[in-house]
Amino acid sequence: MGLYLNPPEHALVLSLDEKSQIQALDRTQPGLPLRRGRCQTMTHDYKRHGTTTLFAALSTLDGTVIGTCMKRHTHKEWLKFLRLIDRQTPKGCALHLIADNYATHKHPAVRDWLACHPRFHVHFTPTSASWLNMVERFFRDLTTQRVRRGVFHSLAELEQAIQDYLAQHNQRPKPFIWTAKADDILEKVKRPQTRLHKMASV
């Protein structure tokens with residue numbers, strides 16, 4: 001939270017994650033378009049044309065996103081993504097990366113690479129706290145605005161649609177602003193803990 005609210009000077013804070021298993025779904029029949037008195041229709045059955053994984057890094061300063069699609073999401077792809085970030089960010093700038101505890105993010109090869117690139121500083125969110133990673137909000141917008149209810153005749157078409165969405169987003173980016181107060185968040189965390197303690201004592 002401190003990185004979001006009080007970022008270090010002369011540094012970029014990037015929220016990173018991968019959105020895996022994005023499906024290229026093609027409907028078996030064309031849907032009927034939206035018109036007066038009738039909502040848009042779409043068949044419930046579909047054809048699968050494969051899946052892709054989107055790797056994305058959201059700048060908490062201005063909302064711009066560095067993103068790329070890859071077929072898998074192992075530590076090798078994560079390293080490719082880190083190298084992409086290295087190329088697309090100012091060289092003299094320290095990078096503070098917020099990421100979850102996924103095993104590939106802590107792979108020995110990744111740790112070795114980070115040791116050779118001291119401008120990268122990785123901060124891991126707590127387990128089961130993906131909502132603390134701001135890029136998840138971007139993934140939600142991508143899903144609702146472009147992927148869900150989309151019709152993709154091939155995997156390449158899906159990946160092109162994602163790249164087009166990224167390009168449009170970066171033309172007019174907006175940072176995501178926290179509106180919840182820290183005390184309110186902590187209170188919500190305490191509630192289930194209290195319930196669990198009560199259940200355990202019964």
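One cavity of 30 Å³ or more was counted. A cavity here is a set of points on a 1 Å grid over the protein atoms alone where a 1.4 Å probe fits but cannot get out. Grid points are joined across faces, edges and corners, and a volume is the space filled by probe spheres set on the points. The structure is a predicted model, in which local features need pLDDT of at least 70, side-chain atom pairs count only at pLDDT 80 or more, and totals for chains, interfaces and linings use all residues. Residues are numbered from 1 along each chain as its sequence is written, and side-chain values use heavy atoms, with hydrogens and water left out.

The largest cavity holds about 40 Å³ of space. Its lining consists of Leu16, Trp78, Leu82, Leu97, Ala99, His105, Val110, Leu114 and Val122. Two or more of these residues come from each of helix H2 (75-88), strand E4 (94-99) and H3. Helices (H or I, at least four residues) and strands (E, at least two) are DSSP runs, numbered from the N terminus. Lining residues have an atom within 4 Å of a grid point. By class, the cavity lining has 8 nonpolar residues, 1 polar residue and no charged residues. Ala, Val, Leu, Ile, Met, Phe, Trp, Tyr, Cys and Pro count as nonpolar; Asp, Glu, Lys and Arg count as charged; the others, Gly among them, count as polar.

Helix H3 (residues 108-115) also contains Ala109. Ala109 is partly exposed, at a relative accessible area of 26%. The cut-offs are under 20% for buried and over 50% for exposed, with partly exposed in between (1.4 Å probe, protein chains only). Residues up to four places away in sequence aside, Ala109 touches His75 and Leu79. Contact means heavy atoms within 4.5 Å. Between the C-alpha atoms of Ala109 and Lys47, 62 residues apart along the chain, the separation is 37 Å.

Pockets were considered next. A pocket is an open set of points with protein on both sides within 12 Å along at least five of seven lines. The largest pocket has a volume of about 300 Å³. It is lined by 14 residues, and Trp131, Arg137, Ile177, Trp178 and Thr179 lie nearest its centre. Helix H4 (135-147) and helix H6 (182-201) each supply at least two lining residues. H6 gives the most, with 3 residues. The lining of this pocket divides into 7 nonpolar, 2 polar and 5 charged residues.

The second largest pocket has a volume of about 210 Å³. Leu3, Tyr4, Pro7, Thr60 and Leu61 are the closest to its centre among the 14 residues that line it. Helix H1 (2-5) and strand E1 (11-27) each contribute at least two residues to this lining. The most come from E1, with 3 residues. The lining of the second largest pocket has 13 nonpolar residues, 1 polar residue and no charged residues.

The largest nonpolar core has 25 residues, of which Leu54, Phe138, Leu158 and Ile162 touch the most other members. A nonpolar core is a set of buried Ala, Val, Leu, Ile, Met, Phe, Trp, Tyr and Cys residues joined through side-chain atoms within 4.5 Å. Two or more residues of this core come from each of H1, E1, strand E2 (46-59), strand E3 (65-70), H4 and helix H5 (155-171). H5 gives the largest share, 6 residues. Neighbours within four places in sequence aside, Phe138 is in contact with Leu54, Val65, Tyr165, Leu166, His169 and Phe176. Another core, of 21 residues, lies apart from this one and includes Met70, Trp78, Leu79 and Ile85.

Strand E1 is largely enclosed by the rest of the structure, because 13 of its 17 residues are buried. E1 and E4 pair in the parallel sense over 5 bridges. Pairing requires that DSSP finds at least two bridges between two strands. In this pair, Val13 stands opposite His96 in E4. Ser59, in strand E2, is buried, with a relative accessible area of 6%. Beyond residues up to four places away in sequence, Ser59 touches Leu12, Val13, Leu14 and Thr64.

Two backbone angles stand out. His10, in the loop between H1 and E1, has a positive phi of about 55 degrees although it is not a glycine. His10 is exposed, at a relative accessible area of 70%. Gln21, in strand E1, is a residue other than glycine with a positive phi near 60 degrees. Gln21 counts as exposed at 53% relative accessibility.
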